[in-house]
Structures are given as structure tokens and as C-alpha cells.
Amino acid sequence: MLRYIIKRLIYMVITLLATVVFLFTLMEFVPGDPALVVLGEGATEENIVAIHKELKLDDPYIVRLTRYIGNLIQGDMGNSYKTRQPIAPALFARLPLTMTIAVWGIIVGTIIGLIAGVVSAVKQYSLFDRILTFISLFGASAPSFWLAMLFVLIFTLKLGWLPATGSYTLKHWILPVATIGLQASATITRMTRSSMLEVIRQDYVRTARAKGQTQFKVVISHGLRNAFIPILTVICTRINGYLGGTVLVESVFAIPGLGNYVLDGVKTMDTPVVLSGVVFICFMCTIVTFLTDMAYAFIDPRIKSTYGFGVKRARKRAGLVAKATEGGNV
Amino acid sequence: MRENELLSIENLEIKYILRRSTVNAVNGISFTINKGERVGLVGETGAGKTTTALSILKLIPEPPGKITNGKIMLGGRNLMETSEKEMRKIRGNDVSMVFQDPMTSLSPVMTVGDQIMEVVLLHNDMSKSEAALRAREMLELVGIPGERYAEYPHQFSGGMKQRVLIAIALACNPKLLIADEPTSALDVTIQAQVLELIAELREKFNMSLLLITHDLGVVSETCDRIMIMYAGRIVESGPVRTVYKNMQHPYTIGLFNSLPRLDIDTDRLEPIKGMMPDPANLPAGCAFHQRCPQADERCAQELPPLTEMENGHCIACFHAIDKERSDG
Amino acid sequence: MKKFVSLSLALTMLLSLITFGLAGCGGSTGTSGGTEATAPAGGGETQQSGFSFDTGDPDTLKVIQNFDPEVFQPGNNDEQGYNRIVRQIYETLFMMTPEGEVTPWLATGYTWETPTRMVITLRDDVKFSDGSDFTAEDVAWTINYAKEIALPNSHYNVITDAEVVDPYTVALNLKEPCMTLAAHLCNSQCTIGSKKAFEEGKGDWMSASVVGTGPYKLVKYNPGDMVQLTANEHYWRQGEPKVKNIDMRIVKSNESAATEAKTLNYDIVIGANTREFAAIDAIDGVHMNEHMCANTTYLLLNTAKAPMDNIKVREAFARAVNVAATVKLTYGDFGQPASALVAPNILGRNEATYQKYYGAGHDVETAKKLLAEAGFPNGVDLEITVESTDTQRCDMAEAIQAQVAAAGINLKVNKMESAPMREYLGRGNHQICIYGFTSLTMEADGFLAQLQPGSAALARIGYDNQNFFKKYSEGAATEDITARGKIWEECCEMLMQDYTMIPVWHKALGAAVRDNVEGFYWATDYEQVYYQFISK
């Protein structure tokens, strides 16, 4: 088990390193003089030279790269050109907001998606199935900001139940989470449905029925439980997508999240912000992927046993049963 | 219902209703199984054997399948009129089934012990640990060391998986065990072991056995009676010795003739000419008449009924019936 | 199965704990998210950690605006949105009255010792929000420091250095004469910081060094979300600010701002979508406060790049554009279609001259004739550059594209993001672009100064007329305001005569204000709002 975790951790670090180098190199090709971004329109020649010296912009590529990575390891993500303030605190301040929308959106989406997917798979071709497929298609095609604005129109302006922007109280989170949730549920429903359809035809489902098991237990314990791996993959990809991708929803609800921060950096050509922002998002994504890998190991016994998860626990269980047998005098 | 009878099926008809056509899977079969009796159901692929077996447990997928006619009496109860809730009490408990392909018949995410425990808990009011104990016992009974309780199906070979499935089937001491080609997916040496196991346990628990197979040799070894199905109908049935010694139906004869024999030198095998008719498009009259060397006009138009001739030996063929009448 | 359920429940709870934990830490005590001003305060520890919704609270102004300051340093940013926030904390030496006149503010007056040395006398009763005294040291330090670290403050361009003469007198040495310097110093970007706070706080422009003489001081800043200000108890003007606290939320989407204006949950909303103004005004309880300002939108024509280097082509283009229709389409009735080179009330504005060159208006036939004379009888291909995020200007570009097509001009619309666009225009390879200039000093020089050699904006029109530069310097050195005004008019005429640009729209400012709010007005010199005068 330890081997599995360590192996995954090493992959994570390598991926991260490669990403940083790649992104840094990409940023090298951004045209323009960073000094102009820092100084704005009224820049004079001497100012430009001074800035170049101060920010060490003329050092060779390798030197700057290693300096950046060295700083990263110590937690220093550089300073924004525009505000000359450190980037790391800003990112960490915005992370909880984006994470809240993303995670809760996914949770809502998963709940809806699993239920809808299972029901429509079990009752394939029924009216319920067709309606749900239609809603899925709608949710997947509707642009998120349009959906968000629609919600605001209905719930804020027409009904006055919920606030239009902000993230202060629980009430404020309902609409943003609902928007993302609805969108996410579309993909998850589709994946659940197709995965369940495959699984429900399997022989072991028939065995379960032949045992006299209830339909509900058959569908959930035998069906969904086996169908879950591809669904988990989709959930993980969606979370990763939403880590930087809630930009539009955040815009509509004026929630200062990660995506908007990086986007603003792009608009103002604030290279350190873009670079560090994207590196940060990649870092979060690798963590999410890592956690999903761990989850796979727990859900799929084939992976579990290959890597020796729960071997000790299994042996203990068998041993207990053995003891009980002896005690009970079979 | 006679006292010794366990299962009695009368005029069972099962159809699969598809959009463009209707598949007539089972077309009016009747038979009985007595307590403790071992019955073999033989026929080629598509004859309707599995469908018949599934219908006993009412596991036919409801759309598109449908039992359009007939009665299934189990111990005096008409299963056609039994609610789903009651059926669940019967499945795994009074009647159990072992399926054909053990490789895919076990849930990959549950331990084998838990899968046995599941069926025990469904039909017995026990605590979890008691049920676990019973599961372990069943494992030992089918020849698997009890410590392997907590292992997963992918850690077992095909033969052992089948044993686990047998353990599941027998865990609640059913009165009738239906084994649908339990060894077709296994290799020959394992086949023998599994069949031996089934026989042993059947005797121990004194169950009735309905063994579905296409292997005539296996039937002769393990069964008391044999029923031969063709195109959804029983064409010949009776005590194994009787039928084997004195087969009458041209299909049965053709089947046996197509078996390779050790004592005769042959270059070529003798299959039955033609193919089984499309169940969506059954011909009028005897289903076999298009392939039968003895067929005549009557066969093409009239359906021969399953008629009893000598003791328990029944045949559905005009020629055989006529011959018998003229003889006897 | 149960294990699986409990595992997923545990994971869910863990995730939500983490997210809410992070959010909680970030929200309340300002360690990772939000900074609280730790400047030593003489009492009044009003630490609001949450945002209240009670618009009825008479002690707090609830404001929505669309700029995220990110840092609170005097002069850090030249954008109006930035200074609308930061100007509440720091103040300028001089201020403009609503009528456009320069009045003393932190200063008491100024004299020109020589044409290149301005001596300013300061008030002696002003204290910073930490209780320390405001002196000439702070003024000199602010200006010298801004020049040292090259802050983007073009108003200080003409100053070489600032000198302390005595505790309440400071002298500014200039590169060349600039008679409008006092007006420049009214600009909200020219705010004065505290030298002491800078040194003691080690230049922490998020909290420790954020000490100003202004009516408000910083309480809390949630990046991207909200700025909370509270009254400066040491403020030198009695009875101000009228409302004790301001909660300023940052809402960048103009649609969302418009929606919030309609909900009546905020006292003042700046940055709502102009197309919603009529709808907002129609709602009971809130009204739109609109005012013309000093900014005009122009179509800048690059006289250095072919075929725009041919004056006939430029004139043809001016004829081919229908200014009135464009403005109507883009802005409706908001603002005004151009009626002179600079906005109303700006010194140097001359409607007659405008009429002389642009008065003929939209005339496709003349445009075609002019093009033919220039050597393009079959029309010409041109490109117009516009900022992609400014939807209204993009609409404008597309409207113009349709209009000029009638004259045989095939106009391509080139949309770019602001920073790449700045670069592109700076290199001078463009033909036409849409851009705005603000006459910050309420005189045309505010706009003319940006078209002088050494300024990046000059490349936008590629204009190399030495007479024009000489005239401008002459105007900058003229003390008498009437004479100066005449010179500005002459400069403007040169620009118009050479068809270097086509004025399109005189900008207006709009804010959604609740009916119970009094004292709100737009300071047109820099699109500024002075909250200290507002009461509810």
C-alpha cells in the first residue's frame, strides 16, 4: 500500500515539475516588455532600465527558471507586475471560494447525476429516461453564465428570494452552486447512465436477483457499486475542470475566485500572475487526481489487492471468523 | 399435485416480444419434477432450456419477455400468481440456480464470503457473524479453504468460482437446484470435479436437481430422467436408461448418431442436416419436420402431441406413436 | 456497501470541512484572506468582519463599484476606478470645485518663484489617521518616491524633484514651464502619503503603511471582494465624513452591477451596464445620477501609416462615418455625440472650429470623391483596432464598418485585449483605433499633453508637426488663463485641420443612487466621487 502511495506521489512531483518548466517556457514567448506593464503608459527610458534591473529581467533563461522553481519550493510565487504585491497570499485567499463552488457544485451534481443516471438506466427508454436525457443535453449545452443569469433573473429579480451577487452567507452560495451543480449533473448523469446500462446486463446482476435480493439492493450494491469507477473518473475530471473553470459563474456572482484572478492577469499581461496562477491550479489538479487514484484503490478490489491494500484487515477478518468457528464448534 | 411432486409445469409458453418480431422461445411444455429426483434437460443452443429454467424463478426480463400461457406449480403454489415479494422469498431459498459462466457471475467488488453471506442473511434471521460462519461452512463444503472468505472473485480460478456459486446456491438448503450448463465454460478435468460436487451435495441435502446441458454423457451419469427439447418443445422424455436404450424421436436419434464413438472407426461425424428453425418464424406442424428423414405431409401440418408410451417414456412424433400403437 | 457509503460520506465531509475551514479563516481574521489595517488607531476599533445587508443602517454607505484596488498606495495606478477608492484615504494638495476651478485643499496656496519653480504653502492643522502631523516632509517624500520607483503618474512628469523649504512649505522644481501644474495636482492620482508610516510600516501598502489624511481609513480589504472604510477621527475638516462607514463591494460584471442596482440593496452602484440605465431609473426608490465628464472618445487616425498618411483619405474617412447614428446605436441617449474636439466645459473647446472641419457630417458621395482624388477610385482596405472587452466600443466599430462600406471602404475590425493592444498601438503599425482622452485638468492641455513627444499616446496618431509641439509648450508656459485658452484652441485646430482624429462621443458618467442618499455628485475632472459629502 505504501508503495502505491509513494509511486503516485513521485508521479505527482514529476508532473508538477514538468508543468512548471513548460509553463515558464511558454511565458517566455509572450511578446512585449514586462517593464511597460509595470510602469504603464508614461514610461521613460530610464524607468524601463531601472525596472529591468530591479526585477532581474535580463538574466538568462536558466537562471530565471531555477530561481522561480527555488522560490516556488519555499512558497514564494513571485510578485505581480501591476501591483508589485506577492501573488501567493492572493491565490490562497481566493482558493476557498473557488473550491467551495467547485466541490459543492460537484456534490450537488453527483447526487442529482447518480440518481438520475441510475433511474434512467434501469428504466431505459421510458418517458422518465427520455426527459432526463433531454435535461442532460440542456444542462451540458447551456452556457454556464447564461444559466447563472437565468437563475438571477428568476430568483433575485422576479421572486426576490436570493441575493444577486456575493458570497457572504449560505443563501449567497445557493445560486452559484446550483448553476455549477446543474451543469455538472449533466455529464455525470450521462456517464452514470451508460456505465449502469453496461453493468446491469452483467451476469452477476442476474446472480444477485437469483439470490432473491431486492431490486433496489441489486441496482445499488451490485449495479452501481460496479459501475462506479468510470463515474468517479468523470467526477474527478469535472472537479479539475471547475478549479479554474468557474470563471463565468464567478463573474456573474462577483465572487473573486482563482479563474478570474488569472484571467485578469492575462488581460493586463501580468505574466507572473498568469504563470503562478496556472501553476497553482495545476498543483491543485494534481492533488485532486492523486486523491482520486487513492479512491480507486479503495473502491476497486482488484487494485486494492494488487497493491496490498487492506491485506492486513482481510487477514484479521478471516482470522476472527476462524476464531469464532473454533469457539462455536462447527 | 401428487404427494411426491415438487415442481409441475403445464403448457408453459414464453415469448420475447420485440419491435419487429416475436420470438417464440418456449411453446407449450409440460413436465414434473419429483422430490429428490434428478432430471436432465437436453437440447441444442436456442432450444429454450435456459428460458424455461429462468421462468421457474420468474427471472425472465419482463420487457421483452412474457409468459403468455401455462402454470408453474411449486409445492402446490402457482408461481404465476405469486407476487414479486413472495418470489424473492423463494429465490435462493426454495429454488436456487447456478449459471453457465462462472467468470462473470460473481460481483467483482464483494468478497466471496460476503456474497454467500448475502443470500444467507436474505432468508434467515441471523446475526452478521452467524451468517459469516455459515458462509465459511459453505466454502469448506464446496472444497475451498475457509480462510479465503475475505478474498475477491478475481483471485479465484474458474472452477473455484463455480464452486463459490454452488455454495451460494446451496447456502439456504433449497428444495430444487437448477444448474444451467454449470460446466460448459470449464475444462474437462474441472468439469468432473464440479459435477461430482453437485452430486455429492445433492445427496447430502436431498434436493431435486434440474440439470440443463447439451452433454448427453453427463446426463447419463448424473440424472434419473431426461427431457429433450427442440424449438421450445419437449420432443422426448423419460427415464434415462429407457430413452438411451430405446430412443424413438428422429431428433434424439440424430443427436446420438452425431456423437463421436470410440469403438467405431469413422472419418467424418454425422451431424443432423439443416438448422433449427428461426424461433420467430416457426413452421406449422412438427418443428423438426424440415430436417427429419421420416417427415411426411401430416408432419408438416399437424403438431404431434407429447404422448406417453411405455413407462414414463413420452414421445412427440407421429411415426413413433403410430409404430407403438401398431406394435402394442 | 455500507463501508462504501460511509467512506464517501467521510470524504464529502472532509472536503467540505476543508473548504469551509479555509473560507472561514480567510473571511474573519484576515490572515490569509483579507487584510485588516493594523495602523495604530486612536480609538474606534470598528472591526467589521462580516458584511451586513441592512441598507437602513444610517452609519454605513453600501457601495458597489467595479474596480479591485489590490493595493493601497498613493499614485500606484492611473485608472479612475482605482483612485475612486484610494482617494478616500489619501488627499491631494489642491482640489477642483464642481465648476472646474482649482481651490486649495491640503495646500493653502502657491506661487511661481520662477517659471520652473512652484512654491506651495500647506495647511498646518492636518493630521494623518494615526494622529501624526502632516508636513512638507510628507509631500516632498511622496513626490520624490513616486519618481524614484517610477510610479505610472504622468502628472509628475514635468517635475524633476520636490524640496522641503520649511515644515509647511514645499517647492517643486520643473523641467520646463507648466502653468497648469496646480490643476494637475488636483488629480486624484496625486495623493500624499505619510513618510513616517512608510518607514515604520516598511512600505506595507496593504495595511501598516496605509495612512492618509483623508476622510476615511482602511478597515479591511478582501481581495477581489470588498473594501471596508471607516471615518478618520483625526480628519481636519469638521463634520466630515457625513457617513461614518463605507462598505465598498467589487462587482466587475456590469450586468451583475445593474441587477444589484435593481434590488435596492445598495446605496450607490457604479459600473452598471449603461443599457440598463433607463430600466433602473424606472424603479421606485432609486434613480440614475448622470453627468457629462471630461472624456471624449475618438477615432484616432495614424497619420504616419499608409494609406492614412494621405490627408484626403483621412478626410474621406471622416465623411464616411456617421457620428450621430453611431452614438445613437451604441449609447442611446446617454452622453452626447461629439460637437467639438474636446468635451463640454473644457477650456480650449471651440464648436465653431469643429463645424469648419467636421460640420459637413456624413456624406458618402464626398467621401468617394475624396478617395478617388487620393488615388483609390475603387475603394480602400482599412483596419480599425478596438479593445475587445469594451463591448460598446466593439459595437461602435462594427457600426462604423457598416457605414463606411457604402463609401467603398472595406473596414476590418481588429479586436484586442487591452495590454496587447497598448503594445500594438505603441509600435505604430495600426491605421485607425478607437480611444478616449480625458482632459483631466478641465483644460484641453490635459489631453494635448498626452500627444507630445515622449508620450506613448503620440504614436497613436503618428503626428509629427513641430508647430503643434511648439504651440503646446507656449501654452504650457502661459500664465494668463484667457491667453492660454486661445492657445489651446489653436492647438486643437491644428489637430482638426490635419484630420488626425475624429471625435465621436462625449462621455457621461452614471451611477445608480438610492433616493434617500444626498450629496452625491460626479466630480468631472477625474470621474471622482467624494463620499465625505454624502449623507443618507
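1. How much area is buried between chain B and chain A? About 2,700 Å², with carbon and sulfur atoms giving 62% of it; buried area is the accessible area (1.4 Å probe) that two parts lose on being put together, summed over both.

2. The model is predicted: local features need pLDDT of at least 70, side-chain atom pairs count only at pLDDT 80 or more, and totals for chains, interfaces and linings use all residues. Residues are numbered from 1 along each chain as its sequence is written, chains are lettered from A in the order in which they are written, and side-chain values use heavy atoms, without hydrogens and water.

3. At this interface, 27 residues of chain A are in contact with 32 residues of chain B (heavy atoms within 4.5 Å). The rule finds one salt bridge across it, between A:Lys211 and B:Glu118, whose closest N and O atoms are 2.9 Å apart (the rule asks for a side-chain nitrogen of Lys or Arg within 4 Å of a carboxyl oxygen of Asp or Glu).

4. On chain B, α3 (112–123), α4 (128–141) and α5 (158–170) each supply at least two residues of the side that touches chain A (helices are DSSP runs, H or I, of at least four residues). The largest share, six residues, comes from α3(B).

5. In chain C, strand β18 (residues 501–514; strands are DSSP runs, E, of at least two residues) is largely enclosed by the rest of the structure, because 13 of its 14 residues are buried (under 20% relative accessible area, 1.4 Å probe, protein chains only).

6. β13 (residues 286–301) of chain C runs antiparallel to β18(C), joined by 12 bridges. C:Glu290 stands opposite C:Gly510 in β18(C).

Conventions. Buried means under 20% relative accessible area, exposed over 50%, partly exposed in between (1.4 Å probe, protein chains only). Two strands pair if DSSP finds at least two bridges between them.
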